[in-house]
Structure formats: C-alpha cells, structure tokens
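Take a look at the structure shown here.

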Amino acid sequence: MAMKKKAGKPRVAGTGFPVIGIGASAGGLEALELFLSKIPSDSGSAFIVIQHLSPDHETSMDSILHKHTDMEVAKIEDGMAVQKNHVYVNPPNKQIAIFNRTFQLFEQDAPGRMNLPIDYFFQSLAQDQCERAIGIILSGTGTDGSQGIKAIKAQGGMTIAQDKKQAKYDGMPGSAIETGYIDIVLKAEQMAEEIIRYVTHPYYHPDRKPVNESELKKHVQKILFLIMKKTGHDFKNYKQNTVRRRIEKRMALHHIEKIEDYVRFIQRESFEVDALFKEMLIGVTGFFREQEMFEFLGEKVLPDLLNQLPPDSSFRVWVPGCATGEEAFSLAMIILEAMDALQKHVAIQIFASDIDPDAIEFARRAMYPESIAAGVSPQRLKRFFLESNGSYLVKKQIRDMVIFAVQNVIKDPPFSKLDLVSCCNLLIYLDAQVQGRVIPLFHYTLKENGVLVLGPSESIGAHADLFSPINAKMKIYRRKKGRAENIFLPQGKYTDSWNEQAPVLAPLSDLHDSEVRKLVEKLVVEDYAPPSVLINDMYQILYFIGRTDRYITAPSGEPSFNLLRMMREDVRHKLTPALHRAVSQKSEVRVENVRISSGGEGARYLNIIITPLDETFPQQNLFLVVFESAPLSPKKSAAGKKTTRRRKTDPEQAILEQDLQSTREQLQSAIEQFEVAHEEFKSTNEELQSMNEELQSTIEELETSKEELQSTNEELFTVNSELQNKVEELSVVNNDINNLLASTEIGIMFLDGRLCIKRYNPEMTKIFNLIQSDIGRPISDITSNIIYDGLPGDAKAVLDTLARKNAEVQDRSGRWYAMSILPYRTLDNIIDGVVITFVDNTRMKTFEIDSENARALAESIVETMTQPLLILDSDLMVIKASRSYYEMFKILPDDIIGRRLYDANSQAWDLPGLRKLLEEIIPHDKKIRQYPVTYNFVAGERATLMLNACRIEQEGNRQALILLTIEVLPE
C-alpha cells in the first residue's frame, strides 16, 4: 500500500513522565494563565512554554506565570534536566531543543533567516519523546508551530490547538488546524482535563497494558476491514505494529480502553473511520528535508542524467508517496538549477502521487506557510516562490513541471520511462513482502541507468541484481541493465503507453481473469487504437497514445508541448479553429477529410475528433484529440469516372480549384496576419511580464518589511503583555502605599535630588501649607506651621553627607513633632533625594515636661527637708540623699550615690536585721517604723538613730523605690 512520506524510521520513547510543549505568541499570556490555573500541582508532567521574545528584552514570564500555578516555574538554562511538576519558559535570543530530557540551547539563526522557535522545539520534542510527545498551539500571529505539529503527529504524539474563536490572535492555531494534523481543538481552560485523561490512558503506559494477542489481532482485522470498506484501501501490508499504535492512539483520544469497545464505536461513528484513515497516513515532509542528499543529487547525479538526454526529449521523475508535495517541488527546483548550470534545458515532467486525496489537493494548491522559510534558502525563496498574505506560493514555472495524482503504488499502475524515482521513507512502513514487489516495480519504471532514491532507513534489500549503489550512505542507486523476474505490475487507469518494452509478467496460468482482461485491453490500446493525445485547455500535451509521429513533430528552438506548435504545417490551419471551438463550447468537434501530404506516396486524408473529458476528469478541462485515417476523398474517387464526363466537368472543376486556391491563400494571409498580431501580443505580454516582475520584486521587498514588522510586533506584544502585568502589580502596590500613607498619622514627604517635592501624604498638610500643584516646587518655597527654619539646610546636609538628621520641632499651635530626614535610596542603591517624616509626639513631650517638673519638685522637697533622707532602689543602691544627710554624716555625694547602703558610712547600716527588713519592703510592701540604730559619729559622739522606710510607686512599669528617713534621738 502506498502511504504518505514520513520523517524516518519510528522509534519508541522510553517510559517516564509526560513532557508537554506549549507554543504561544501574541495574546498567548492570557491563554497560558487559563491553562496553567487548571493544571494540578501534582500532575506528574513537565510543561515547556516557548514564546516569541524580543532578543533585547529580559523576560519576566516566569514570575508572571508563577502567580497562576503552584508548580515550580523556571527559566530554561543550557544542560538543565527536565523535572516533573515544573513549568519552564524560554529565554530570549535562544533556540531551545530537548535531547534525552535535557535542554540544549543554541544561538538563533543569522539575520535574514526566519527564526521559528516553536517549530524548532516541537521537532526536537517529537524526536526525543516520539509517540509520548504532546504539543499545544495557543494564540499568536504567523504560522510558527505548524511544521512542529506535523513532526509530533508523525511520531504518533498528541496535538492540541486553541479554539480560534477564543484565541486573541488566531494565526498560529488557525495555521496548525489547517494542516489537518491537530487531534483536538479546545478552549485553553478545557485542555488540562483532556491532557490528564490522555496521559493516564494505557496507550501512554504500554508497560501497564495486559495484551491478549489473539483477541487484539482479531479486532484489528475488523477495524482494517471497516477502513477498506469505506475508503477502498487495504492496510494489511502495512506494518502491524504501527497499525496497532495508530489505533491505540485514537482509543486514547476518545478515552476508550478496550479495543472491542472501539470496534463498536467506529462502527457507530462513521467519521472515526476517516479520522483513523488519516491517522494511518500521517506523515511529515518538507522542502529539502534531507539537505545533504539534495545537494549530492544536484551536484553529482542530475548533471549526468541531464547530459545523457537528447535536446528534444523530456526529463521524467516519479515521486510516489509525495504527501503535500514539498519533495516534488524541491526536486523541480534542483533540476532547474542543474539545467541552468549546464546551460541545457529540456522539458521536465514530475509525476507526484499519493494515496491521500486531501494531501494531493493541498499539493496542487502549492500554497505553504511562511514557516517553510526555515528550510529554504532566501535565494530559492526569492526565485521560486511568491509571498501572499503570510504564505508562500510556488511560482507557475515550478508548478507546471509537477503533475499530482491520487495513486496507490500497490493497486494502481506505475509511470514508466522515468529518469528518476524518489521514494523516501515509504518502504519502511510496508512489510517485507510488499517491499519485495515494489523494488522490482521501480526497476521496471526506470530507463536504463535511471536513478532510484530511497529514505535513509531504507534499502533495496535482496535486489542487488537490479540496482547498483551510487552513494550507499544516502541510499541513491542506479538501475542495472536487464529485466526483473516475475515483476508485479498493477494495471489500471494510470497505465503509461510510452513503454519501450513490454513488462515481464507472471505466467498466464497464474493470472486472475481480471488481470488477463486488463492485459488484453492494454495490448489492444497500444497496438490497435488510433493515435491520440491528451491535452488541457491551454493546448498543452499531457499524454501520447499510439504512434503520433506521422502528425506531430518536435518544433525547433525552445522545447514545447503545445499541440499547435508540434502539429504538421498542413494540418495546423484546420486544427486551430476546431480546438478553439471545442475548448470554448466544451463539446465534441470533428474535422473530416483533412488532406496531408505524404512525400512520394501522394496525399492522404485524416479525420480529427476532439472530445472533452468532463465526465471522466471534471474540473480539469482535459480533451482527447484523436487522429483517424479517413477513406479516399470524394474527389479522389471521382477521378475514376469516365473520361467523357471528366471532360465536361473540367472547366467547372478548374473554377472550383481556383476558388479553393484563392480561399487557401486568403486563409494563409489571415493566418500570417494572426501570427503577426500574436507576435505583437507576445511582445506586449513580455513587456507586461517584465513590469510584473519588477512589481513583484517591489511586493517581495514590501512583504519582507511586513514580515520584519510583524515579527517585531509579536515581540513588542509579548513585552507589552509583561509590562501590562507589571503595571497591574505596580498599581496594586501603589494602592497599598497610598492607603498606608493615608492611614498613618506620620507626616511623610519625598524630595528629589534638587530638594523639590515629589510626593507627600495627607498628614503632611497639617504641618506644611501644601496643595497638589506644589509637587515639583522646592521645599524652601513652601511655608510651614513649625517654628523651625533649618529644614532646607538640614535636607541639603543629609543629601551631601548621607547621615540621618533627627530633631524635635514645635508648631505654632504648640504641638511637638519628632522630625527625621533620611536619604532616599533606590533598589539599585542610588541616592535620589531625601525622605522627611514628622511623628506627632506631643503627648510624650508633655509627659517629659511634666516628669521633669515633678522631678524638680521632688528634688526641691528633698533638698529643703531638715531631716536626713535617702532614696534607694530595689537593690538598696543609693539614688538620692538630702543635703541634711550629707551635713549630718559629714560625707560627699560621691561617697554614697550609686553605692549600696551597706557600703556607706563605715558599715554603719550593715545590720542583718535591718537588711532583712529593707529587702522585704518592695516585694511585700512592708514598712519600717522607728527602727533604732546606734551610730558613732566621726567626732566621737554617739547617738541613737530611728529609721523609717516605705515603698514609693512609680508610673508605668518602672520599678518601685524605697524612701528612708532618719531621726536622731538625743542621748
């Protein structure tokens, strides 16, 4: 079975946690936030976010996304290992790849080449994770991600695109959906549940699946039958392991675990048959995909093949399994480049076929996304493509070289007389039996010394007798002489009648009745059908049937397949109006008894029948031109009449012949005039074409500028999204600060480096006469209510010395403030002004004054008392003594202040009983009444002292004191 081309031999990814790639650009931040907010923190998956970033802007996407998920969010670094339950974001100006679950960072392509970071990462993800890869495309402009989605799909991975109706910019998701390789289209918030269900399905964990091989095989055969019944294509020769994986993938997408349930589902839902058919055909191709191989073909192989061709021949190529046409167009380009290098030009016919009608339809449009620029050089883009609305259209010169057709290599007949067959990465998906039939088929279709190109994972197997290697590493082979034995040659509507030799078929006894019938039909057509050509509505010959060399010859000069240019001169004047009438009216036209000269054999007559093929090939405007030998002209048969009658009619015949000759001359003159007019028209057309090329060049330059602006716009949009997020954060912080400044009773003012007001809070208006328009004015211009003129000077000193300034100031109403002036420091530790604060401490200042007054009063009382008095703390340290005490005991303040009572006055107070009483006063609030102590004075006098003591309470939490008075009793 002919399958679509794929990127190489499939491999199986190892087990492990899921790695999910997310591509987003303009408008993608909102979608990312919705998506990540629905992902559980213990999902067991890793999420890699790839965005279009400006190379000059440091992204803060990690901090932004961290607010919407409990998972760890980190910027990707080179060599960083991927961990589950993590979100990773790409840094700017780097291409990200993943290899063995480790990030690899590379420099972006040089200026002039389109950078497609999402495609780049997705392609590496597909290679690294294979069928376990998951790719998501979110909002963004352009087409980045489309090629990467193809790569993931080709490996059997899961692909999701954001709903275009939800996406802020639908360019990227729309382009991905149009490729046909998206499994599911969802809103961003719906993706999380779908992914979690998918990664928990047995398909994603093959080691957990109990397999009953016989049951599985039975149900697989049922599914293949349903596909064949609806599509007509049999997948029995496709490698069964791949078939099973494709079926299991569809089961996972529909959350079906048992294959028998899926059989019932596919019977019930007919759309699933088509979806599974597409899944089987999923393939990936690209322009110049195997770059080294294409270079070798262009430099070494094609020049030899082209040099072997006669000037009037054509170069014929077949690309089976062409998918969406990129390889066929790539071959056309390098063939044209090779002909330019050799300065030899021949007609090029490239037959590109595939089993998928949708892929062929896509290839015929020849319109590809802008992301192909990553694989096509700027020179080739300019020469072979036209830019149109963000896409690339293959130019008509290349399109006309390629003919696309729906074809199954196994069922349908091949093309023949080929110079080159390119069948890359098709055979690896077919079993050995089919490979053994296809390789000889390629040998049959190629000319002697023709070239066969296979994929890097393919080979000719046991058919070394049919091909010799030109480059074994690149799998390029040359056809050997001889014929393949027992070749299998499909028969059908695509049989090519240009075969030089009949194929060697299996013995007739081994053929089925239908094969015998097809063989006989082929022989009859080739040997007995009248010469014919198949043309389009531009008179271009597409196919020759039978021997047409009697009527059609190759024109001199530039090669052409235009039927009118190739027709014999004596037939062309009759054929031209007939062709015009048939094409314009789309009806059958017959031209009978066209006389053609035949050298020495005399004149012969020909009937020409032009039939439109509308029913067979609708919408393609094809016509079959049949050249049929006519019986002798009536004039010729009349020549055998009796002589007497011929003599009578001779004068009339002469007149008729003269009229006929005159008519022919007039017609010839008209034809010549028409040809002159045609040449003038052609000249005008060439001038218009030249102007069109100049205009196209200008358009291409404008498109390039548009592309650059679009890329810059995407980067600016990403930066703007981040800045918008920061603005929102700053708005929240600003609101918090405003509420804080408004709610506090501290007056705050910010001055810049010129001591001009930058900001103040409402409390500051009680101290300074401020209004909103004062912002920007110097502080020295503002009047204040405080009785202090040194504020501007203090602010200047702080700005110069960076030393804090504190002061207590009073306003005119008597209120007190603690003023502080500090340097204003930025996060970068740059001094950018000063901050002035005023804290209302009127109550504290009043308390201080009252306390000072009370203290002064107490000291005055103590000083004026005639009785000796001591004030002690809790440790019995002397805090204060009255003047009378100093005079009585003849000591100085330094002798007792700050010393224990027991240490003063020569141990006079160091009495155990007295100490115990004093130590109990504060904790137990006890008092001492008239405690006698005998004291010996310095002068030798002896007296009895009566001691009285009590606890003195203090305000607040300050510790209590002891008041000790001494009364002297006379002896």
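What follows is a short tour of a predicted model.

Strands of a sheet pair through backbone hydrogen bonds, either parallel or antiparallel. Here strand 13 and strand 14 (residues 391-394) run antiparallel and are joined by 4 bridges. Phe 385 has Val 394 in strand 14 as its bridge partner.

**Helix 13**

Now turn to helix 13, residues 357-365. Which of its residues are buried? They are Ala 359, Ile 360, Phe 362 and Ala 363. Seen down the axis of helix 13, these buried residues fall within an arc of 160°, so they line one face of the helix. An α-helix has 3.6 residues a turn, so residues three or four places apart point the same way.

What covers the buried residues of helix 13? The cover includes helix 12 (326-342), strand 11 (347-354), strand 12 and strand 15 (402-406).

Both ends of helix 13 deserve a look. Asp 356 caps the N-terminal end. One of its side-chain oxygens lies 3.1 Å from the backbone nitrogen of Asp 358. Just after the helix, Ala 366 takes a positive phi of about 60°.

**Strand 25 and its partners**

Strand 25 runs antiparallel to strand 29 (residues 831-840), and 6 bridges join them. Gly 747 stands opposite Phe 838 in strand 29.

Strand 25 also pairs with strand 26 (residues 757-760), in the antiparallel sense, over 3 bridges. Met 749 stands opposite Tyr 760 in strand 26. The hairpin of strand 25 and strand 26 has 5 residues between the strands. In this hairpin, Leu 755 takes a positive phi near 60°.

**Aromatic pairs**

How many aromatic pairs does the structure hold? There are 21. A pair of aromatic rings is described by the distance of the centres and the angle of the planes. Two of the pairs are set out below.

| Pair | Type | Centre to centre | Angle between planes |
|---|---|---|---|
| Phe 287 and Phe 385 | edge-to-face | 5.4 Å | 85° |
| Phe 351 and Phe 415 | stacked | 4.4 Å | 15° |

Phe 287 lies in the loop between helix 10 (270-281) and helix 11 (291-307), while Phe 385 lies in strand 13. The pair therefore ties together parts that are 98 residues apart in sequence.

Phe 351 counts as buried at 6% relative accessibility. Phe 415 counts as buried at 10%.

Finally, look at the aromatic cluster. Phe 287, Phe 329, Phe 362, Tyr 368, Phe 385, Tyr 392 and Phe 404 form one cluster. Among its members is Phe 362, a buried residue of helix 13.

Note on methods
Residues numbered from 1 in each chain as written. Predicted model: local features only at pLDDT ≥ 70, side-chain atom pairs only at ≥ 80, totals over all residues. Heavy atoms only, no water. Pairing = 2+ DSSP bridges. Helix = DSSP H or I, 4+ residues; strand = E, 2+ residues; numbered from the N terminus. Buried < 20%, exposed > 50% of the residue type's maximum accessible area, 1.4 Å probe, protein only. Arc of directions from axis to C-beta. Contact = heavy atoms within 4.5 Å. Polar contact = N/O pair within 3.5 Å; in protein donor to acceptor, adjacent residues only side chain to side chain. Phe/Tyr/Trp six-rings, centres within 6.5 Å; stacked < 30°, edge-to-face > 60°.
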